[in-house]
Amino acid sequence: MEILDLVWLIPALPLAGFLTLMVIGRRLGEPLAGLLATAMVGGSFVVTVAAYLSLLGKAEEERQFTQVLFDWIPAGGLSVDVGFLVDPLSITMCLFITGVGALIHLYSVGYMHGDPNYSKFFVYLNLFAFSMLMLVLGNNLLITFLGWEGVGACSYLLISFWFTDPEKASAGKKAFVTNRIGDWGFMVAIFASFAALGSVTYTEILSGAGGLAETTATLIAATLFVGAIGKSAQFPLFVWLPDAMAGPTPVSALIHAATMVTSGVYLLTRINPIIAEAAGWLAPTIAWVGAFTAFVAATIAISQRDIKRVLAYSTVSQLGYMFLAIGTGAYVAAVFHMITHAFFKALLFLGSGSVIHGMHAEQDMMRMGNLRKFMPITAATFIVGWLAIAGVPPFAGFWSKDEILLYAFAENPALWLVGLVTALLTAFYMSRQVFLVFFGEERFEVEHAAAGDGDGTADTEDIDEADAAGAGDDEVLVLHDPPHESPPTMTLPLVALAGLAIIGGGLNLPFTGGTKFLEHWLHPVLGENEAHIDVATGTKVGLAVVAIVVAAVAIAAAYAIYLRKQREPVEPEILAEGWYYDRSISAFMGGPGRMGFDAVATFDRVVIDGAVNGVASLVRRTGEGLRGSQTGFVRSYALLIAGGAVVLLAYFLAQVTF
Amino acid sequence: MVAAVEPAWYLILAAMIFAIGAVGLLVRRNPLVMFMCVELMLNAVTLTFVTFSRMLDDIGGQAVVVFVLVVAAAEVVVGLGIIVAILRKRPSATADDLALLKG
Amino acid sequence: METFVFLVAGAACLVGALGVVLARHPVHSALSLVGTLFGVAVLFVAQNANFLAAVQVIVYAGAIVVLFLFVIMLLGVDQSENLSIEPIVGQRAAAVVVGVAVFALPVLALASAGWEATGQVANLGPLSGDGYGVELLGEVIFTRYLLAFEVTSVLLVIAVVGAVMLARKNRKADELEIEGLGSVGPDGPRRSTNAPRSSDSTDDEADAGGGDQTADTADEEATT
């Protein structure tokens, strides 16, 4: 029996954790419940590494292993089973899902300390891990959809974890509903793929993709793209992600930075043969949607005050980069950026969680400052993450972003320009965030009261306090205790992720063919659909230098504005309000939208119900009308009998005589 | 003198009696008179049968008349019993008042 | 000769029939009915159906009409119907139409057949000839139509039973409640009406008498 036969353990362990914690989680309590959950995901990671090594040991053509557990839906022409497809793409995804996931589970053990619903949190986290792993390991569209919906549901449960606050509950609903719009696309794609190819299993539809008519392929690819837009928060369905920051920070890190939002990227990469068969306008559309989203999100991020919202918009922006890469055929670059993004974005989120934890639930950056004095480890790791995302070599983000910009340039210089400007904004707002939070003067005061427990017990209470205290703008925040560094359960993952953010670029260094490890690794999955560009080395170097210069300029600008105070900050309200996008949606839905819904409801009530009731009342009225003939008079009845008899008489006599 | 009696005349006479009986049944409201009209119709029928029996030179028609007579008698007995039972309660009831079948 | 008999008897029939229909008083209708019955009996004799004529007079005129008269006397002699009003709309017109049709259709059929009777002969025996008489009729009834004969005897029994049931004295357990007609207790109707009441015992007697008479007639027929 080879290692790969154990691949079912990868999703099974988190599932076991979920079930166990659901039953005895409350009894296990802190911190056992959390540690159990972490152990499960850690175990998954171990199995994943083993599977990866096993796959690595095989020849390139053999790196595809399918394990079928059982027949799920044997329904005539449709045969769907529960099975796992282990190939380079899915194993790569599993590696960083379980790896980063385990680190985040560990972090949550410390972060959620003191929360009354401690074990419930880990129940949801393990369920999420299970769903996500089913999503990437599934060998057919339906299993992926199962995982897709599962992560959507878990996302809802986790965002509204503190649901007693109505705003947080609404955020969860918003996420779920927006995702649902995208899910429609996914479902249509499943139907279309079954109709066109007779199967939903990846191996069959991908090998049969060559025989698809262009319109069918376009339909499938486009509807899956719609699903990806919903799940990966692209324009126009990105509105849920910033609001999703209402959930606890580990949730934001795991779901909304590293894993769930990347499932859209995974999906499109998986179906790359179908995209290749689709109409010529689809790929550029994907690219432009991604570029546009990246740009718009970056513009909004530069004027946000909440430490997590900046990161949320940043996530949307970076996801836009990944879609830009897919649209230009640079699947490897997209996956590369997905991996590095998982590292540094999770790091940044966890770091911000640490800051919030240390600042006793304060999230407004304008009330922070000079925190590196109080939280050195957090600060150091956060700075690593900042440099990675800003695109400063040799950190991971530089290499992956540069790949994307290179392919964008080869496809269309306009795309490259948008990407470059976005990179400028990215570096700018991230630097702004770092300078506001960790450098500069302290914009808060500390009461030198008796030392409290200082470990941020009952963060939930503090959150309510902070909300209540958040009335005055730019008032100086008064804390009871000084900000403090987080416990090791929280700082350890930060350090680990920082390390990965530093060396992550090594996955696919562009220098020679030998260093392009990821590209070779993913070759069986992508085949010929990976774009090959013919750009002179000089151009490549030139582009890289331009990117570095742009990043430097942005950092310098942020330094000048926020640290040196040499210029006034430019944070127009329109950007702070997100181009009024949310508000316009509410207005539309409240106005024309509501009229539409009312019209449909009225139609249903009047026409459809009316038709049904109308039939009934018609019958009743006819009956009542006919009732009048029942007079009860014997003589009338006698007359009718006589009349009938006359008619019969006439008939028979006519027969006889004529 | 007058013409010889054609058998057809008997038939026409019977038809007339029958028609008068039918009209009477539909027009009168007193239950007893309605019943008498029914007897009229039965008589017309017996007359027809006897005429046919003579025309066709066959005894069958007269046999039928015997049975019609028996049935008519039985029917009158029961029918009058019913009328008595009803009209005992309200002697001035007419056929129009017995409208329990009114829906 | 036959013509004359026919005309007179026929006139009697028609006059009687019209009398039944047009008379306001039920007793007059009954008497007119008697006239019709006699006319029909005469016509039977004219057609050589002597036995039937006798039976007609005895049963119809002698029993049935008497029954009618008994009931009329029982239920109030002074009731008369107002013939000028007709509560049901269109009843009279429709009745006239029906009457005309019922008369005209057979006549037309007959006319088209050339005033000749065409019917299936049952071949039961010729009317004329030596064999004619009640004997031939009896023979036919008791051989060919025996089943019908037995059934009619059962029918008579049923009729008698029914008559007794309908006319018996009501006991408390059988209190009837007829809508609009009031309830009936052991002592007769609860509500007073303006018609002269006759006692229950008279009911029994009258009906029993009528029932007996019918039974007697049936016996007579059988033994003849």
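1. The side chains of B:Arg54 and C:Glu2 form a salt bridge, with an N to O distance of 3.2 Å; the term requires a side-chain nitrogen of Lys or Arg within 4 Å of a carboxyl oxygen of Asp or Glu. The interface of chain C and chain B has one salt bridge by this rule.

2. This is a predicted model, in which local features need pLDDT of at least 70 and side-chain atom pairs count only at pLDDT 80 or more, whereas totals for chains, interfaces and linings use all residues. Residues are numbered from 1 along each chain as its sequence is written, chains are lettered from A and ligands numbered from 1 in the order in which they are written, and side-chain values use heavy atoms, with hydrogens and water left out.

3. Between chain C and chain B about 7,900 Å² is buried, 75% of it from carbon and sulfur atoms, where buried area is the accessible area (1.4 Å probe) that two parts lose on being put together, summed over both. To this contact (heavy atoms within 4.5 Å) chain C brings 98 residues and chain B 74 residues.

4. Chain B and chain A, for their part, bury about 970 Å², with 58% on carbon and sulfur atoms. On the chain B side, B:Leu26, B:Asp96 and B:Gly103 lose the most area to chain A, together 52% of what that side buries.

5. The contact of chain B with chain A draws on twelve residues from chain B and eleven residues from chain A, and zero salt bridges are found across this interface.
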